[in-house]
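Biologist: Please take a close look at one part of this model for me: the aromatic ring pairs and the helix packing around them. Keep it brisk.

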Amino acid sequence: MNRSGIAARELLEDFGMQPQQMLIVTDDFNLPLGRLRFRSGGSDGGHNGLASVIEVLETQELPRLRLGIGPVPENVDVADWVLSPFEPQEVETVKKMVAAAVEAAIFALDHRLEEAMTRYNVNPA
């Protein structure tokens with residue numbers, strides 16, 4: 001998982017595309033559970049998979065859709081939190097978030113990223 005940059009580079013090469021033409025979809029422990037957020041670029045925010053993509057593609061200008069899985073409880077290791085299963089009471093929120101993320105990603109394919117940001121960054125899933 002943390003070597004995602006290699007797969008991203010190969011995918012771009014196979015399709016003859018530039019990094020700005022792809023949409024990275026990633027979990028984000030800095031966003032509350034269920035929240036969606038588009039970004040046009042920026043740092044990896046502590047996400048190892050995204051750090052790999054940024055490093056290999058040599059750019060932070062990567063459109064991305066972040067799916068909130070946070071917050072990380074105090075005194076819990078981030079890696080342990082990210083790799084742990086959701087609590088039973090969270091599963092319905094996760095299902096709704098994933099469905100909303102699919103809808104958002106499809107919308108982003110047919111519209112400018114700014115339009116997707118306006119539509120989806122305001123509301124939780």
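Modeller: Rings of Phe, Tyr and Trp (its six-membered ring) pair if their centres lie within 6.5 Å; planes under 30 degrees apart count as stacked, over 60 as edge-to-face and the rest as tilted. This is a predicted model, so local features need pLDDT of at least 70 and side-chain atom pairs 80 or more, while totals for chains, interfaces and linings use all residues. Residues are numbered from 1 along each chain as its sequence is written, and side-chain values use heavy atoms, with hydrogens and water left out.

The structure holds two aromatic pairs. One of them joins Phe107 and Tyr120. Their ring centres are 5.8 Å apart, with 65 degrees between the planes, and the pair is edge-to-face. Phe107 belongs to helix α4 and Tyr120 to helix α5, so the pair ties together parts 13 residues apart in sequence. Helices here are DSSP runs (H or I, at least four residues), as are strands (E, at least two), numbered from the N terminus. Ring pairs also bring in Phe38: with Phe107 and Tyr120 it makes up a cluster. Phe107 and Tyr120 are both buried (under 20% relative accessible area; exposed is over 50%, partly exposed in between, with a 1.4 Å probe and protein chains only).

Helix α4 spans residues 91–110, helix α5 residues 113–120. They pack at an angle of about 150 degrees, with axes 9 Å apart. That makes α4 roughly antiparallel to α5 (over 145 degrees; under 35 is roughly parallel, 65 to 115 roughly perpendicular, the rest oblique). Axes are lines fitted to C-alpha atoms, for helices over the stretch in contact, and angles run from 0 to 180 degrees between N-to-C directions.

Helix α4 supplies Ala100, Glu103, Ala104, Phe107 and Ala108. Helix α5 supplies Glu115, Ala116, Arg119 and Tyr120. Phe107 and Tyr120, the edge-to-face pair, are thus among the contact residues. By type, the contact has six nonpolar residues, three charged and no polar ones. Ala, Val, Leu, Ile, Met, Phe, Trp, Tyr, Cys and Pro count as nonpolar, Asp, Glu, Lys and Arg as charged, and the others, Gly among them, as polar.

Note on methods: Contact means heavy atoms within 4.5 Å.
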